[in-house]
Amino acid sequence: VALDCTLGYAGHSSLLMPRLLPGGVLFAVDVDPLEVPRSEQRMRDLGYDEVTFVARHMNFAAIRGLLGESGGFDCILADLGVSSMQLDNPARGFTYKADGPLDLRLNPHKGRPASELLKAVTLPRLEKILSEYADEPYAKDIARAISRSPETLDTTAKLARVVRGGLAKLEDKLVKKSLARTFMALRIAVNEELNVLDHFLEVLPYCLKPGGRVAILSFHSGEDRRVKRAFAIGLEEAVYERISPGPILASQEERRSNPRSIPAKLRWAVRSTKPLNA
(Lines give C-alpha, C1' and ligand atoms only; values in the text may rest on other atoms or scores of the structure.)
Protein backbone atom coordinates (compact mmCIF):
# COMPACT_ATOMS: atom_id res chain seq x y z
CA VAL A 1 0.00 0.00 0.00
CA ALA A 2 1.65 3.21 -1.17
CA LEU A 3 0.87 6.92 -0.99
CA ASP A 4 1.75 9.69 -3.42
CA CYS A 5 1.36 12.82 -1.28
CA THR A 6 1.63 15.24 -4.20
CA LEU A 7 -0.28 13.80 -7.14
CA GLY A 8 0.31 16.68 -9.57
CA TYR A 9 -0.30 15.35 -13.06
CA ALA A 10 0.36 11.77 -11.87
CA GLY A 11 3.93 11.65 -13.15
CA HIS A 12 5.18 9.77 -10.10
CA SER A 13 1.95 7.83 -9.64
CA SER A 14 2.14 6.47 -13.17
CA LEU A 15 5.64 5.15 -12.44
CA LEU A 16 4.80 3.78 -8.99
CA MET A 17 1.67 1.92 -10.07
CA PRO A 18 3.32 -0.86 -12.15
CA ARG A 19 5.65 -1.60 -9.22
CA LEU A 20 2.69 -2.19 -6.90
CA LEU A 21 0.78 -4.58 -9.12
CA PRO A 22 -0.48 -7.18 -8.88
CA GLY A 23 -2.08 -6.95 -5.47
CA GLY A 24 -1.03 -3.45 -4.39
CA VAL A 25 -2.92 -0.20 -4.12
CA LEU A 26 -1.82 3.41 -4.54
CA PHE A 27 -3.46 6.28 -2.70
CA ALA A 28 -2.74 9.76 -4.08
CA VAL A 29 -3.64 13.17 -2.68
CA ASP A 30 -3.28 16.75 -3.84
CA VAL A 31 -4.40 20.09 -2.44
CA ASP A 32 -5.26 21.45 -5.91
CA PRO A 33 -8.97 20.86 -6.67
CA LEU A 34 -8.53 21.83 -10.32
CA GLU A 35 -5.91 19.23 -11.12
CA VAL A 36 -7.02 16.19 -9.10
CA PRO A 37 -9.88 15.24 -11.49
CA ARG A 38 -7.61 15.58 -14.54
CA SER A 39 -4.87 13.50 -12.96
CA GLU A 40 -7.31 10.87 -11.77
CA GLN A 41 -8.69 10.62 -15.32
CA ARG A 42 -5.16 10.25 -16.65
CA MET A 43 -4.64 7.25 -14.36
CA ARG A 44 -8.00 5.77 -15.37
CA ASP A 45 -7.01 6.15 -19.03
CA LEU A 46 -3.83 4.21 -18.24
CA GLY A 47 -6.04 1.35 -17.05
CA TYR A 48 -5.98 1.73 -13.26
CA ASP A 49 -9.40 1.31 -11.64
CA GLU A 50 -10.84 2.63 -8.36
CA VAL A 51 -9.61 -0.43 -6.48
CA THR A 52 -5.93 -0.08 -7.39
CA PHE A 53 -5.72 3.71 -7.57
CA VAL A 54 -7.50 5.94 -5.05
CA ALA A 55 -7.34 9.74 -5.53
CA ARG A 56 -8.33 12.24 -2.85
CA HIS A 57 -8.47 16.05 -2.81
CA MET A 58 -6.73 16.92 0.46
CA ASN A 59 -3.65 18.54 1.93
CA PHE A 60 -0.89 16.03 2.64
CA ALA A 61 -0.62 17.34 6.18
CA ALA A 62 -3.95 15.56 6.80
CA ILE A 63 -2.89 12.09 5.58
CA ARG A 64 -3.44 10.58 9.01
CA GLY A 65 -7.12 10.71 8.04
CA LEU A 66 -6.43 8.02 5.43
CA LEU A 67 -5.32 5.41 7.96
CA GLY A 68 -8.81 3.99 8.47
CA GLU A 69 -9.08 3.42 4.73
CA SER A 70 -5.53 2.28 4.01
CA GLY A 71 -4.40 0.56 7.19
CA GLY A 72 -1.10 2.44 6.95
CA PHE A 73 1.45 2.70 4.18
CA ASP A 74 4.40 0.60 3.15
CA CYS A 75 5.87 3.52 1.24
CA ILE A 76 5.19 7.25 0.96
CA LEU A 77 6.48 9.74 -1.60
CA ALA A 78 6.20 13.52 -1.33
CA ASP A 79 7.38 15.86 -4.12
CA LEU A 80 7.23 19.32 -2.56
CA GLY A 81 6.46 22.56 -4.35
CA VAL A 82 4.39 23.06 -7.49
CA SER A 83 3.77 20.76 -10.44
CA SER A 84 4.79 21.51 -14.00
CA MET A 85 1.17 21.88 -15.08
CA GLN A 86 0.63 24.56 -12.42
CA LEU A 87 3.76 26.39 -13.52
CA ASP A 88 2.75 26.17 -17.16
CA ASN A 89 -0.75 27.61 -16.63
CA PRO A 90 -0.56 31.44 -16.74
CA ALA A 91 -3.98 31.73 -15.07
CA ARG A 92 -2.49 30.35 -11.84
CA GLY A 93 0.18 33.05 -11.60
CA PHE A 94 3.05 30.79 -10.55
CA THR A 95 5.68 32.19 -12.92
CA TYR A 96 6.98 35.56 -14.03
CA LYS A 97 7.50 34.19 -17.55
CA ALA A 98 3.84 34.61 -18.54
CA ASP A 99 1.34 37.33 -17.66
CA GLY A 100 -1.62 36.36 -15.52
CA PRO A 101 -3.33 37.14 -12.22
CA LEU A 102 -0.93 37.23 -9.28
CA ASP A 103 -2.58 34.37 -7.41
CA LEU A 104 -0.06 31.66 -6.43
CA ARG A 105 -2.56 29.63 -4.38
CA LEU A 106 -2.27 25.86 -4.67
CA ASN A 107 -5.98 25.74 -3.87
CA PRO A 108 -7.55 28.77 -5.61
CA HIS A 109 -10.72 28.36 -3.53
CA LYS A 110 -9.00 28.93 -0.16
CA GLY A 111 -6.96 31.71 1.40
CA ARG A 112 -5.93 34.99 -0.17
CA PRO A 113 -3.95 35.40 -3.40
CA ALA A 114 -0.47 36.88 -3.50
CA SER A 115 -1.85 40.20 -4.75
CA GLU A 116 -3.81 40.58 -1.50
CA LEU A 117 -0.80 39.56 0.58
CA LEU A 118 1.28 42.31 -1.04
CA LYS A 119 -1.38 44.89 -0.22
CA ALA A 120 -1.24 44.08 3.48
CA VAL A 121 2.34 42.97 4.19
CA THR A 122 4.79 45.30 5.93
CA LEU A 123 8.21 46.06 4.50
CA PRO A 124 10.12 44.14 7.24
CA ARG A 125 7.82 41.12 6.87
CA LEU A 126 8.17 41.09 3.08
CA GLU A 127 11.95 41.25 3.34
CA LYS A 128 11.86 38.37 5.82
CA ILE A 129 9.64 36.29 3.49
CA LEU A 130 12.04 36.78 0.58
CA SER A 131 15.09 36.07 2.69
CA GLU A 132 13.87 33.09 4.72
CA TYR A 133 11.67 31.37 2.16
CA ALA A 134 13.93 31.76 -0.88
CA ASP A 135 17.41 32.72 0.39
CA GLU A 136 17.07 35.84 -1.76
CA PRO A 137 20.32 37.86 -1.57
CA TYR A 138 18.59 41.05 -2.75
CA ALA A 139 15.59 40.74 -0.45
CA LYS A 140 15.92 44.28 0.88
CA ASP A 141 16.04 45.86 -2.59
CA ILE A 142 13.09 43.81 -3.86
CA ALA A 143 10.97 44.42 -0.76
CA ARG A 144 11.65 48.15 -0.95
CA ALA A 145 10.73 48.28 -4.66
CA ILE A 146 7.47 46.41 -4.04
CA SER A 147 6.49 48.51 -1.04
CA ARG A 148 7.13 51.75 -2.94
CA SER A 149 5.18 50.73 -6.04
CA PRO A 150 2.34 53.20 -6.69
CA GLU A 151 0.26 50.63 -8.59
CA THR A 152 -1.63 47.61 -7.32
CA LEU A 153 0.45 44.53 -8.10
CA ASP A 154 -2.34 42.23 -9.21
CA THR A 155 -0.66 40.55 -12.20
CA THR A 156 2.56 38.60 -12.64
CA ALA A 157 3.79 41.08 -15.25
CA LYS A 158 3.35 44.06 -12.90
CA LEU A 159 5.25 42.33 -10.11
CA ALA A 160 8.02 41.25 -12.48
CA ARG A 161 8.35 44.80 -13.79
CA VAL A 162 8.67 46.23 -10.27
CA VAL A 163 11.24 43.61 -9.23
CA ARG A 164 13.26 44.30 -12.37
CA GLY A 165 13.13 48.01 -11.55
CA GLY A 166 14.43 47.37 -8.05
CA LEU A 167 17.33 45.34 -9.45
CA ALA A 168 18.10 47.55 -12.44
CA LYS A 169 21.84 47.59 -11.69
CA LEU A 170 22.15 43.79 -11.94
CA GLU A 171 22.78 41.80 -15.10
CA ASP A 172 19.76 40.07 -16.57
CA LYS A 173 20.65 36.48 -15.59
CA LEU A 174 20.86 37.51 -11.92
CA VAL A 175 17.55 39.37 -12.17
CA LYS A 176 15.86 36.28 -13.62
CA LYS A 177 17.08 34.17 -10.69
CA SER A 178 15.77 36.75 -8.23
CA LEU A 179 12.42 36.84 -10.04
CA ALA A 180 12.09 33.07 -9.74
CA ARG A 181 13.01 33.21 -6.04
CA THR A 182 10.57 36.07 -5.42
CA PHE A 183 7.67 34.13 -6.91
CA MET A 184 8.67 31.02 -4.97
CA ALA A 185 8.88 32.91 -1.67
CA LEU A 186 5.46 34.50 -2.16
CA ARG A 187 3.96 31.12 -3.10
CA ILE A 188 5.35 29.55 0.07
CA ALA A 189 3.97 32.43 2.16
CA VAL A 190 0.53 32.40 0.51
CA ASN A 191 0.11 28.64 1.02
CA GLU A 192 1.88 28.48 4.41
CA GLU A 193 3.88 25.64 2.92
CA LEU A 194 6.53 25.37 5.62
CA ASN A 195 3.89 25.08 8.36
CA VAL A 196 2.17 22.38 6.31
CA LEU A 197 5.49 20.56 5.84
CA ASP A 198 6.26 20.72 9.56
CA HIS A 199 2.91 19.13 10.38
CA PHE A 200 3.37 16.47 7.69
CA LEU A 201 6.80 15.53 9.08
CA GLU A 202 5.26 15.28 12.56
CA VAL A 203 2.49 12.84 11.57
CA LEU A 204 4.50 10.99 8.93
CA PRO A 205 5.94 8.17 11.09
CA TYR A 206 2.48 7.26 12.37
CA CYS A 207 1.26 6.80 8.79
CA LEU A 208 4.03 4.36 7.88
CA LYS A 209 3.80 0.69 8.68
CA PRO A 210 6.71 -0.78 10.69
CA GLY A 211 9.66 -0.93 8.29
CA GLY A 212 7.84 1.36 5.85
CA ARG A 213 9.81 3.76 3.68
CA VAL A 214 9.38 7.44 2.87
CA ALA A 215 11.11 9.59 0.22
CA ILE A 216 10.78 13.38 0.08
CA LEU A 217 11.87 15.64 -2.76
CA SER A 218 12.53 19.25 -1.78
CA PHE A 219 13.46 22.21 -3.95
CA HIS A 220 14.92 24.83 -1.64
CA SER A 221 17.01 24.95 1.52
CA GLY A 222 14.13 25.82 3.87
CA GLU A 223 12.32 22.61 2.93
CA ASP A 224 15.45 20.46 2.89
CA ARG A 225 16.59 21.65 6.32
CA ARG A 226 13.25 20.66 7.82
CA VAL A 227 13.30 17.21 6.22
CA LYS A 228 16.92 16.61 7.22
CA ARG A 229 16.27 17.69 10.83
CA ALA A 230 13.06 15.63 11.18
CA PHE A 231 14.75 12.50 9.87
CA ALA A 232 17.83 13.02 12.08
CA ILE A 233 15.69 13.50 15.20
CA GLY A 234 13.61 10.49 14.23
CA LEU A 235 16.76 8.38 13.95
CA GLU A 236 17.98 9.52 17.40
CA GLU A 237 14.59 8.71 18.93
CA ALA A 238 14.38 5.31 17.17
CA VAL A 239 11.35 6.43 15.16
CA TYR A 240 13.41 5.67 12.05
CA GLU A 241 15.93 2.86 11.86
CA ARG A 242 17.75 4.22 8.80
CA ILE A 243 17.92 7.53 6.97
CA SER A 244 19.74 8.70 3.86
CA PRO A 245 23.31 9.78 4.72
CA GLY A 246 22.88 12.81 2.49
CA PRO A 247 20.64 14.21 -0.24
CA ILE A 248 20.35 12.43 -3.58
CA LEU A 249 20.68 14.85 -6.50
CA ALA A 250 19.61 14.63 -10.12
CA SER A 251 22.20 13.25 -12.53
CA GLN A 252 23.94 15.52 -15.01
CA GLU A 253 21.91 13.89 -17.78
CA GLU A 254 18.62 14.66 -16.02
CA ARG A 255 19.72 18.20 -15.25
CA ARG A 256 20.34 18.77 -18.94
CA SER A 257 17.08 17.19 -20.11
CA ASN A 258 14.94 18.56 -17.24
CA PRO A 259 16.33 21.84 -15.84
CA ARG A 260 13.59 21.94 -13.19
CA SER A 261 15.36 19.01 -11.49
CA ILE A 262 18.51 21.05 -10.82
CA PRO A 263 17.58 22.25 -7.27
CA ALA A 264 15.89 18.97 -6.28
CA LYS A 265 17.17 17.06 -3.24
CA LEU A 266 15.76 13.68 -2.25
CA ARG A 267 16.03 12.26 1.26
CA TRP A 268 14.64 8.94 2.49
CA ALA A 269 13.97 7.21 5.78
CA VAL A 270 12.88 3.76 6.97
CA ARG A 271 10.48 3.57 9.91
CA SER A 272 11.45 1.51 12.92
CA THR A 273 9.84 -1.92 13.29
CA LYS A 274 9.15 -1.10 16.95
CA PRO A 275 5.73 0.26 18.00
CA LEU A 276 5.51 4.05 18.25
CA ASN A 277 3.82 6.02 20.99
CA ALA A 278 0.63 7.69 19.71
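In which loop is the place of Ser261?

Mentor: Before the answer, please note that this is a predicted model, in which local features need pLDDT of at least 70 and side-chain atom pairs count only at pLDDT 80 or more, while totals for chains, interfaces and linings use all residues. Residues are numbered from 1 along each chain as its sequence is written, and side-chain values use heavy atoms, with hydrogens and water left out.

Ser261 is placed in the loop between helix H12 (252–257) and strand S8. Helices (H or I, at least four residues) and strands (E, at least two) are DSSP runs numbered from the N terminus. Ser261 counts as buried because its relative accessibility is 5%; buried means under 20% relative accessible area, exposed over 50%, and partly exposed in between (1.4 Å probe, protein chains only). A polar atom of the Ser261 side chain lies 2.8 Å from the backbone oxygen of Asn258. This is a polar contact, that is, a pair of N or O atoms within 3.5 Å; within protein, one must be able to donate a hydrogen and the other to accept it, and residues adjacent in sequence count only if both atoms are side-chain atoms. If residues up to four places away in sequence are not counted, Ser261 touches Ala250, Glu254 and Arg255, a contact being heavy atoms within 4.5 Å.

The side chain of Lys265 meets that of Asp224 in a salt bridge of 4.0 Å, N to O. Lys265 belongs to S8 (residues 265–271) and Asp224 to helix H11 (residues 221–236), so this pair, 41 residues apart, links distant parts of the chain. A salt bridge is a side-chain nitrogen of Lys or Arg within 4 Å of a carboxyl oxygen of Asp or Glu. Lys265 is partly exposed at 31% relative accessibility, whereas Asp224 is buried at 7%. Elsewhere, salt bridges with shared partners join Asp32, Glu35, Arg38 and Arg92 into one network. The whole structure contains 19 salt bridges.

Two further pairs may be set beside these. Arg105 bridges to Asp103, with 2.8 Å between the closest N and O atoms; Arg105 is buried at 13% relative accessibility, and Asp103 is buried at 14%. Asp172 bridges to Lys176 at 3.4 Å between the closest N and O atoms. Both of these residues lie in helix H9 (residues 172–191), four residues apart, about one turn of the helix. Asp172 counts as partly exposed at 40% relative accessibility, and Lys176 counts as partly exposed at 39%.

A nonpolar core is a set of buried Ala, Val, Leu, Ile, Met, Phe, Trp, Tyr and Cys residues joined through side-chain atoms within 4.5 Å. The largest such core has 35 residues, of which Leu118, Leu126, Ile146 and Leu159 touch the most other members. At least two residues of this core come from each of helix H5 (114–120), helix H6 (123–134), helix H7 (139–148), helix H8 (156–166) and H9. H9 gives the most, with nine residues. Leu118, its neighbours within four places in sequence left aside, is in contact with Leu102, Leu126, Ile146, Leu153, Leu159 and Leu186.

Strand S4 (residues 73–79) pairs with strand S5 (residues 208–218) in the parallel sense over six bridges; two strands pair if DSSP finds at least two bridges between them. S4 also pairs with strand S1 (residues 2–4), in the parallel sense over three bridges, and Ala2 stands opposite Cys75 in S4.

Some backbone features of other loops complete the account. Most residues other than glycine have a negative phi, and most peptide bonds are trans. Ala238, in the loop between H11 and strand S6 (240–243), has a positive phi near 65°, and its relative accessible area of 35% makes it partly exposed. Glu192, in the loop between H9 and helix H10 (193–207), has a positive phi of about 50°. The peptide bond from Leu21 to Pro22 is cis, with omega near 0°, and Pro22 is found in the loop between helix H1 (11–20) and strand S2 (26–30).
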